[in-house]
Amino acid sequence: MNFFTLAFQNLKRHRTRALLTVIAVAISVSVFFSIFSFNIGFERSLKKEIEGAGIHFMVVPTGCPHEVASLILHGGIVPKYLKESLVEEVKDNPKIDISIPIIVFQHPISEKKNIRLIYGIDLSQLKSIKPNWKYKGSFPRNENEIAVGYDIAKHDGVNLGDKIKFEGRDDSFRVTAILDKTGTQEDAFIYMSIQSAKRILKKQDEITAIAVKVKDARNINSTVDELSERIPGIQIVTMNQVLVSISNVGRSAQIVGISISIIALIVSIMGIVNAVLMSVLERIKEFGMMRAVGASRFDIFRIVVYEAVLVLTSGAFIGVFISSIGGNFIEEVLKSIFPYTPSSRIIEFDPVLAIACVMASLFIGILTGFYPAYLASKITPVEAIKS
Amino acid sequence: MILLKKINKYYTRGSEIVHALREINLEISRGEFIAITGKSGSGKTTLLQILGLVDKASGGNLYFNGIDVSSLGDSNLSKIRREKIGFIFQQFHLIPKLSVFENIALPQFFHRRKIDKERIFQLLKFVHLSEKWKNSPEQLSGGEMQRVAIARALANNPELVLADEPTGNLDSENTERVLELLLKINYEGVTVIVVTHDMEVASRAQRIIRISDGRIIL
């Protein structure tokens, strides 16, 4: 026998009440844990995605920077194009190491009728900005060869050597490389030479963006300033701006999510205080008896606080467990709410966050048990004898 | 063992001040078996509460084993209660989710002592409930529950056992068994004070203290 068993035995006396309170805590901790895991994962995945782009900034047609971010990371239909001649103008700046024209668009595949994201780029330069890419096969060298992202290959059942036709074109493209999984949007692209992409899109002298890498990363801002001044009608978005821009868009949704979880937590805390308080009021005579047989005020205080702690910590463990096993589902729900999310897996079990949740619950348990425990400790033995 | 000098007790009931005990002077020697009787509201339970150190007198002095305990704080009084005094209540007050064994061990637990299993089984034998040590109180009859409460009162080898209407909820057969146990306890040297309405129970005591309107009457 110890104080925890006494507290536990009392919880068993009202199983339904105790169970409902534990469920309420589990749900709120689960929401809290999931949203925090998502927020942490969101920043991490976004950073990974941006860094994975392998460039320092993009020269794009003037417009909304969020649209640019979406174009760079997810692919999309861009209403405006840049003149390809701008590539040479950009290259003229001595601080620039690489400037690569890019065409990004969506186009259906003839046989499957699936709309796929096409990434047209100078293939020899692509390898230099993506040195860490791993793939099966050999990297495409000529205009009739393509590389396929991991997800597309998996989803469409594409194998090395397969030939793919695009709607509106008679010629076919041979798959020479299938990328290993990167965990980013790159898994959903088909990479081909920019000439081939232009032919499919039927845009001969136009491109969607120019990807730029400077020789020295410390010169990014000065290079951006120089190019903006020298070339009219362009917009330059650094990868850092993209990161900040997307983070800001996501932040308001994150704040809403955290607010909801805090409200859920407050509601369940009120529930626990109520349940423990009811339990104390029902046991006035029992506490009186305990005091009469020698229990100190602090002994009674401990029994009541332990009840609240047991409810909260068991609820916290269950909540963390639910979040962990239901992470995929929760992530899908949150992704449908958030305006922009990285394509890679965001919610991953974070042991530090899990421990923090349980420890916080332990602390809140002590706080919530405090008032009912104080009331219980004030009960005098006379209460028992009065019966 | 216990000496009460000019004990007064007031309490408020709504706006009314009730003078529950008036100038009580009483001496109780070690090993006595005392019955406190009186009508409802006469002050007998209030006197028991003060004797058991669960309530404080409004005036006067109470000496327990020669020590004036009138001005002691709550923790010191708790200590004396758990070491020296055993309580038996009319309503038994057993904890339903604990076993018979655990209910009896409760005073030892609050004494911060390792549970003396041998002592608990000895007490179970004493109250004739050895077979039911694993049972929950809900599985016991009223008489059995009161016997568990008696065993619990004896768990810490008290010098004084206080019983508030211990037979109030029992039939005549169980009343007799409980009385026999209380007499046995007293025979072993423990001072027993019983508050009762039942003159049959009171007649078994060595001394009867009658209370009326907060005064001891002779």
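Contact is defined here as heavy atoms within 4.5 Å. Helices (H or I, at least four residues) and strands (E, at least two) are DSSP runs, numbered from the N terminus. The structure is a predicted model, in which local features need pLDDT of at least 70, side-chain atom pairs count only at pLDDT 80 or more, and totals for chains, interfaces and linings use all residues. Residues are numbered from 1 along each chain as its sequence is written, chains are lettered from A and ligands numbered from 1 in the order in which they are written, and side-chain values use heavy atoms, without hydrogens and water.

Strands of a sheet pair through backbone hydrogen bonds, either parallel or antiparallel; pairing requires at least two bridges found by DSSP between two strands. In chain B, 6 strands form an open sheet of mixed pairing, ordered β6-β7-β8-β3-β9-β10. Strands β6 (85–88) and β10 (215–217) of chain B each have a single partner strand, so one side of each lacks a neighbour in the sheet. Strands β3 (residues 33–38) and β8 (residues 191–195) of chain B run parallel and are joined by 4 bridges; Ile36(B) has Val195(B) as its bridge partner in β8(B). Helix α6 (residues 172–187) of chain B lies across β3, β6, β7 and β8 of chain B, at about 150° to β8(B) (axes are lines fitted to C-alpha atoms, for helices over the stretch in contact, and angles run from 0 to 180 degrees between N-to-C directions).

An open sheet of 4 strands in chain B has antiparallel pairing and the order β2-β1-β4-β5. Its edge strands are β2 (16–28) and β5 (67–68) of chain B. Strand β1 (residues 2–13) of chain B is joined to β2(B) by 9 bridges, and Leu3(B) is partnered there by Glu27(B).
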